[in-house]
Amino acid sequence: MHELPQQLVNGLLLGSMYGLIAIGYTMVYGIVQLINFAHGEIFMTGGFGALTVWLWLPAGTSMWAAVPLMLIGAIFVSTTIAVGAERFAYRPLRSAPRLAPLITAIGLSLALQQAVWAWYPEAKSARSFPELPGGAIHIGSVTMQPGDIFLLVTAPVCMVALGYFVMKTRVGRGMQATAQDPDTAKLMGINTDRVIVVAFAIGAAFAGIAAVARGLKYGQVEFRMGFILGLKAFTAAVLGGIGNIYGAMIGGVVLGLAESMATAYISDVPGMDKLGGQAWADVWAFVLLIVVLLVRPQGLLGERVADRA
């Protein structure tokens, strides 16, 4: 039990990363009813965008000066790709059967993976990512690295900023109206195309920030990292109630805590000694998804609503 505080912090860190990525899934689905399975790769390209900025900086550049520039690079790359995907891949298919944009999203996901692999031929293996200076920080029995602090600060700041934007700004209210009824919103003078682009851009920006946070935490990025993290972020969005931005973050935290607790303690349960450890982390994450969908299909904060015509 003396490891419990550390495992709780580990779960909170994982959950914060999942939540940042999950916001992109839930915003896009809430407005256009599209599950953007390419979002994991948009997250991945943000990480390589940040890495590219780092490689272009002069040798000896301070990390404190480099991190803001890397964030700008990650956000620029991820949002550019997301907005381009919306304009040229998804918008022409809005009136098509739902299977068409779903297949397009999967194809775009594979295309982005191969594009990054071609741009960085050495990306077959993990690429080294710079780390924040400073040693480990000890708070009681909890140990955190500077990258962990960056993630713990960034996630709530992004969430608060997004909540303010959605609730208090004109575009944010337009997003709420479009999510409720896009046809009526258009009749009321709302530019729904612009609202949808903004939703894609915000989700991609958060994914880019999450990619930088992951690189700083683990010290590496790789072209396949978006696949499993994208699936887990989608799981977090479903857990929280897909379409609910606060639910996405809560679902991410719940998933991260469950994953951390399961991998640390499940092997201590009699008869389950072979089912613990990091190798089973993904298994327990999706077991949790199945359980929640069986008990509460709409997610933790979701509401039962009729399908949009």
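Leaving aside its neighbours within four places in sequence, serine 16 is in contact with Leu151, Leu152, Ala155 and Met249, where contact means heavy atoms within 4.5 Å. This is a predicted model, in which local features need pLDDT of at least 70 and side-chain atom pairs count only at pLDDT 80 or more, while totals for chains, interfaces and linings use all residues. Residues are numbered from 1 along each chain as its sequence is written, and side-chain values use heavy atoms, with hydrogens and water left out.

Serine 16 belongs to helix 1; helices (H or I, at least four residues) and strands (E, at least two) are DSSP runs, numbered from the N terminus. Serine 16 has a relative accessible area of 5% and is therefore buried, given that buried means under 20% relative accessible area, exposed over 50%, and partly exposed in between, with a 1.4 Å probe and protein chains only.

Helix 1 (residues 4-32) also meets helix 9 (residues 225-240), their axes coming within 8 Å and crossing at roughly 75°. Such axes are lines fitted to C-alpha atoms, for helices over the stretch in contact, and the angles run from 0 to 180 degrees between N-to-C directions. Helix 1 and helix 9 are therefore roughly perpendicular to each other, since angles under 35 degrees count as roughly parallel, over 145 as roughly antiparallel, 65 to 115 as roughly perpendicular and the rest as oblique. On the side of helix 1 the residues involved include Met17, Tyr18 and Ile21, and among those they meet in helix 9 are Leu229, Phe234 and Ala237.

Tyrosine 218 is placed in helix 8, and because its relative accessibility is 41%, tyrosine 218 counts as partly exposed. The C-alpha atoms of tyrosine 218 and glutamine 145 are separated by 9.9 Å, although the two residues are 73 apart along the chain.

Helix 8 (residues 192-218) has a crossing with helix 6 (residues 170-180), where the axes come within 9 Å at an angle of roughly 105°, so helix 6 and helix 8 are roughly perpendicular to each other. Val171, Gly174, Met175 and Thr178 of helix 6 make this contact with Thr192, Arg194, Val195, Val198 and Ala199 of helix 8.

Elsewhere, leucine 301 is found in the segment after helix 11 (281-295), and because its relative accessibility is 36%, leucine 301 counts as partly exposed.
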